[in-house]
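Student: Could you walk me through reading a model like this, one feature at a time?
Tutor: Gladly; let us look at it together.

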Amino acid sequence: MADGSDPRLAGRRAIVVGGTRGIGRAVSELMAALGAKVLVNGRDGTAVAETVAAITARGHTAAGFAGSPADEETAAALVDACVATHGGLDILINCAGIAEPPGSSILTITGAQFQQLIDAHLGTVFHTCRAATPHLVAQRAGAIVNTGSFAFLGDYGGTGYPAGKGAVNGLTMAIAAELAEYGVRANVVCPGAKTRLSTGPDYERQIAELNRRGLLDDVSTQGALDVAPPDYVAPLYAYLASDLGSAVTGQILVGAGGFVGRFERPTPTLLGYRDHHTAPPWTLAELHGLVSR
């Protein structure tokens, strides 16, 4: 289109949770530039208003909603606001996140800190998806894009952050399977981008410490310290939200700078088998022979 919008996104009604900073801000701006009607969400009302003003100043369509949808009632109100403002809902994108406390590990994190991380990541995704999916199912079309993290592998330390992000992966895969018959898609992006969570002395010290402990090799360490701006990963979100990605669901994708990848679905490797109808349970020694080789 002459105005820069894309017919595969033009006119779509989209919520971007965590859409005022970092990756979420880049996604909000790109979605609006491609013609979507965006509802920008963030906890800071001033940041919401500034983001909306920046988008509309370029002639694009956006409105704002301040509040944390980690709260069930706020998530429902957010979805209602999109329906009231833009006339419906077609796309839900979750980009909100908070950092693990500096130096946090299973030895130091408190129960309250762990719960806060789970609520911010898994809770936000659950409540927004729970509020949004009835609308998407009713129209038998829609796209959900949630944000995961490489951290779910455990390589970046911490506990609440990788636990929350790993749970987002599982929840998104379940949503994709449950709603496929209704034409609703759900995918995960594990992004790498320079944001407030991946810059600063605390972050640099954390990466250096993980390298010292052998959790990150030298190549991964350099990559973690030299990441691209959020503009490089935002197109992956927009693609998954668009009609061009209509055949893609139940995927965990990676976007970091110029790198695009996919985590393949885990499948078990056969270590041993015998028929339980004719054989006794494995002994500990037998299991050791299977598992440790």
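Student: Which helix holds K165?
Tutor: K165 lies in helix 5, residues 160-179. This is a predicted model: local features need pLDDT of at least 70 and side-chain atom pairs pLDDT 80 or more, while totals for chains, interfaces and linings use all residues. Residues are numbered from 1 along each chain as its sequence is written, and side-chain values use heavy atoms, with hydrogens and water left out.

Student: Is K165 buried or exposed, and what is the nearest side chain of opposite charge?
Tutor: Buried means under 20% relative accessible area, exposed over 50%, and partly exposed in between (1.4 Å probe, protein chains only). A salt bridge needs a side-chain nitrogen of Lys or Arg within 4 Å of a carboxyl oxygen of Asp or Glu. K165 is buried but has no salt bridge, and E100, the nearest side chain of opposite charge, is 11 Å away.

Student: What does the side chain of K165 reach?
Tutor: The backbone oxygen of T147, at 3.1 Å. For contacts, the criterion is heavy atoms within 4.5 Å. Not counting residues up to four places away in sequence, K165 touches A96, H121, T147, G148, S149 and F152.

Student: How should I read helix 1?
Tutor: The expected span of a helix is 1.5 Å times one less than its number of residues. Helix 1 (residues 22-33) has 12 residues and reaches 17 Å from first C-alpha to last, close to the expected 16 Å. Its buried residues include I23, V27 and M31, and the buried residues of helix 1 pack against elements including strand 1, helix 2 and helix 8. After helix 1 comes G35, with a positive phi near 105 degrees.

Student: Which residues have the most contacts inside the largest nonpolar core?
Tutor: In soluble globular proteins, nonpolar side chains tend to be buried together. A nonpolar core is a set of buried Ala, Val, Leu, Ile, Met, Phe, Trp, Tyr and Cys residues joined through side-chain atoms within 4.5 Å. The largest has 31 residues, and V27, M31, I93 and Y237 have the most contacts inside it. Helix 8 gives the largest share of this core, 6 residues.

Student: What is Y237 in contact with?
Tutor: Leaving aside neighbours within four places in sequence, its partners include I23, V27, I93 and T147.

Methods
Helix = DSSP H or I, 4+ residues; strand = E, 2+ residues; numbered from the N terminus. Lys, Arg positive; Asp, Glu negative; His and termini not counted. Polar contact = N/O pair within 3.5 Å; in protein donor to acceptor, adjacent residues only side chain to side chain.
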